[in-house]
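This report goes through one protein model, part by part. Look at the sequence and the fold before reading on.

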Amino acid sequence: MSAKLAHIDKPKNQFILIGVVVSLIFPVCAWMLDLIAGQLPVSIETLFKIHAEHPGLFLIDLIPIITGFGLHFLFSFREKEHIRYNTEIQKRNELIQKNADFAKKIGQGDYTSHFETNGEADELGRSLLLMRENLLLTTRKEAELSWIAAGKDQISNILRIHNKIDILAYETLISLTKYINAVQGAFYLFDEDREVLTNISTYAYNRKKYISQEFRVGQGLIGQCAYEMDIVYRTEIPDDYATISSGILGDKKPKSILIVPLVSDEKLQGVIEFAFLLDELPELTLHFMKELGEIIARTIFNLRVSEQTERLLEESREMTVELQENEEELRQSAEEMRATQEELQRSNENLETQIDKVENAQKRLHSLLENASEVISIYDENQELTYISPSVTTILGYTPDEMMKGKDFDRLTRKGETEIRNMFKELLEDPSEPITIQYTYLKKDGQKIFLETTGRNLLPDPAIKGIILNSQDITERKRAEKEERMKSKMQALSENSLDMILRLNIHGMFFYANPVVEDYIGVRSVDLMNKTIGDIELPENLREYFKSTLSSIKASPSKRNNQITIDIKIGVKTLKRIMSIDAIPEFNENELETVLFVAHDITEAKRIELEIADKNRKLEDSINYAQRIQSAILPDNKLLRESLPKSFIFYKPRDVVSGDFPWFFKREGVLYIAAVDCTGHGVPGALLSFIGYFILNNIVDHEREYSAGEVCDLLHNGVRHTLRQNSDDADGRDGMDLALVKIDPRKNEIHFAGAHRPLYMLRNGELIEYKGDRKAIGGIPLPNRPEKNFTDYVIPTQQGDKIFFFSDGLTDQLGGPIIKKFSPGRVRELISSNPDFSMEEYNSLFERTFSEWQGDQKQIDDVLLIGIEF
């Protein structure tokens, strides 16, 4: 370092000297200028003289000295910086060399050498340490994987060499015990038939153990491992666990145990157990045994399949030898049987010929019985069915087996069963005479038919030995008889009927006409017979009607009804008669045969119908006019929201005009609003609503300001006075229920009074109910019973309060899934469960919910609901 400094000092001194010499130019120049200006000679004396005259020259004379010191200081500072930079570079070089040496050791595989970083600035050193840790972790993982792979290869080699399970188990146990540093191992094989685990091999301290043990699934740690099919690893050894005995260690319990299930395709093959003197097993050993367990299990499964296959092959071989020994005996027996068979064949051929004849006879008899038009049944003397012919299936729908099981009596009426029982009784008492009865029977398809049964007592006949019944279906015969009777009755009725009755075939020929026809078309009934529509003089519209109706019925045979007007001549007058004609198609064996026309004179009924329609129209016009008047005077949402922006009226009259009505009145800043429910609905209710509306207006339209309770008292008296309910002969109990609210914004309070109607207030999510008085507005007063005034509730209001009041038409509406009332509880639930709803949202909610609740049910009363938010 001193040599370097000496080397540096030499040029430094030269630079300082040069600087001083150069700076001498400034004072010399100053001297020369003063000497020239004063034209003085150059001498020491003159120099002192000019300095005395100009003291500033002394400062200029100091410039070389200042320059020298300045250059000396500058070079000294540069020398120190140079030394500092060299020192820093040397330190960095040493650090780089240290990191290079450490990186070289890492590259050579030395991951344990000591290395310390040089503070926060040594970023490279920290990176090298991190790289060494990552490489060390990777090396360890590779070592673990190599250890697992080597273990798998070692065990796989054993599994590949041995094909006997007991030898394979022992060799595997030896190899694994040594490989994972266990001191004892046991191999258990699972017997699926007995559901037990049997010890087939045990190994400890390089010696083979002969221990016979069995565990059931779930028994002990071995059974638990088998049940859960998962590894059992314990470091807390039970007291009753086996002790390891050794000449070196003596009797000693293991410190940890590992039990591994051998599972392949979710089927248990066995269990391997290991005991260790280690306090804790490496996680690598557990992972290794988990993977190896499935490999061993798969090999055991394959060996079991192979052993089973070999056993089956051996059994098959033994059976083949046995079969070969028996084959000769069978061949000799076959020769003997062949001779016997030839003899039997000849006998069978003769027997088959006889059987065919019998079978053909039976088939003929069965076919005759099956297709017979009657059912033949045989009963013994105890009335038990012993035989029934196959025709029962065609006639009654039941099989013979079903009839034998009791269907012969089950499908009878009580009367039919009684008649058959009586027939049996009579046949037993007098066997000589057959008995015939008729009764109804229910077929299998549910069709009701008539049966005629003839019974004969053939108990003495050895071929029958029973009571034989011959039953046939007489339903069609009964129907024909009934039709004949009905035709006779219809003939008598039509002859005396005031309606015109005609029967025409599909070609328009008259087959029948009752006497009344002459009154309508002027032709006698006898003159119509066997004539066609074109042969008779008929009103033209009636002729066209017959033609078009016959044509349409032929295209689509069904009953039709039409109304036509025909002209009837009475003397010189011609009257128009309105006829309602039914055209009824008539069939014969499902084929259209005739059409029956029944014409009824409805002229008078039509006249009355027109009169009623005209009266109804006038009444409807009157009601609609009343509805327009009612709508004009009653408040709606638009009017109400001019004073109460956050409000709604849900109004749904049952009829055109309504007995329920909303009422609203504003006077000097005070608002009155009510939901009024008058007795009845429709026109009567609307008339009463006009009375209530105008009385309320008269009450509040005075200078005095009334409370809600006082308004109800005055309305109560006003209705009684108007309807004269205070008189002794009064019998009208008409009146009204209402909920009335007086709103005073100046005092932030409301007054409420109710007649049978409540007020609901929703405040801060809590629903408060104010009940109305249990009396109505109006009605006949009760004698000797003083009446109380209506209760007036004074309720302070807060911002966000919501009030609701309504008529009973809302709560009394029937509907819902089980058709019950809407109920006040449902109204309260809709309000309280939606506390954040605006008034418009409440309006939509009640409209939608009421409509869904009503469904297809008829509206039973007028509906009115009013909601207001403050």
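The model is predicted.

## Two loop residues with positive phi

Q383 is found in the loop that links β10 and β11. Its phi is positive, about 65 degrees, although Q383 is not a glycine.

N748 is another case: it is not a glycine, yet its phi is positive at about 50 degrees. This residue belongs to the loop between β23 and β24.

## The cavity

Rolling a probe the size of a water molecule over the atoms shows where empty space is left. In this model there is one cavity of 30 Å³ or more. The largest cavity contains about 180 Å³ of space.

Sixteen residues, written as 16 in the count, line the largest cavity, and S377, Y379, M403, Y439 and S471 are the ones nearest its centre. Two or more lining residues come from each of these elements: β10 (374-379), β11 (385-388), α11 (400-410), β12 (435-442) and β14 (466-473). What classes of residue make up the lining of the largest cavity? It has 13 nonpolar residues, two polar ones and one charged one.

In soluble globular proteins, nonpolar side chains tend to be buried together. The largest nonpolar core here is made of 33 residues, and L176, F274 and I296 have the most contacts inside it. The elements that each supply two or more residues to this core are the helices α6 (123-161), α7 (165-179) and α9 (283-370), together with the strands β1 (184-191), β8 (256-264) and β9 (267-276). Another core lies apart from it and has 29 residues, including F510, L528, I564 and M579.

Which residues does I296 touch, not counting residues up to four places away in sequence? They are I155, L159, T172, L176, F187, L262 and I272.

G151 is part of helix α6. With a relative accessible area of 0%, G151 is buried, because buried means under 20%. Leaving aside neighbours within four places in sequence, G151 is in contact with Y179 and F288. The C-alpha atom of G151 is separated by 8.7 Å from that of L292, although the two residues are 141 residues apart along the chain.

## Strand β22 and its partners

Strand β22 spans residues 670-678. Nine of its nine residues are buried, so β22 is largely enclosed by the rest of the structure. In a regular strand the side chains alternate between the two faces of the sheet. On one side of β22 are V670, Y672, A674, V676 and C678, and on the other are L671, I673, A675 and D677; all of these are buried.

Strand β21 (residues 660-667) runs antiparallel to β22, and eight bridges join the two. One of the pairs is F665 with Y672 of β22. The two strands form a hairpin with two residues between them, and in the turn E668 has a positive phi of about 50 degrees.

β22 is also joined to β23, again by eight bridges in an antiparallel arrangement. Y672 has K742 of β23 as its bridge partner, and V676 has L738.

## Strand β23

How many bridges pair β23 with β24? There are six, and the pairing is antiparallel. L740 stands opposite A753 of β24. These strands form a hairpin with four residues between them, and N748 is in the turn. A further antiparallel partner is β27 (residues 777-778), joined to β23 by two bridges. In that pairing, M736 has I777 as its bridge partner.

Technical notes
Residues numbered from 1 in each chain as written. Predicted model: local features only at pLDDT ≥ 70, side-chain atom pairs only at ≥ 80, totals over all residues. Heavy atoms only, no water. 1 Å grid on protein atoms, 1.4 Å probe; cavity = no way out; pocket = protein on both sides within 12 Å on 5 of 7 lines; lining within 4 Å. Points joined across faces, edges and corners; volume = space filled by probe spheres on them. Nonpolar A, V, L, I, M, F, W, Y, C, P; charged D, E, K, R; others polar. Core = buried A, V, L, I, M, F, W, Y, C linked by side-chain atoms within 4.5 Å. Buried < 20%, exposed > 50% of the residue type's maximum accessible area, 1.4 Å probe, protein only. Contact = heavy atoms within 4.5 Å. Pairing = 2+ DSSP bridges.
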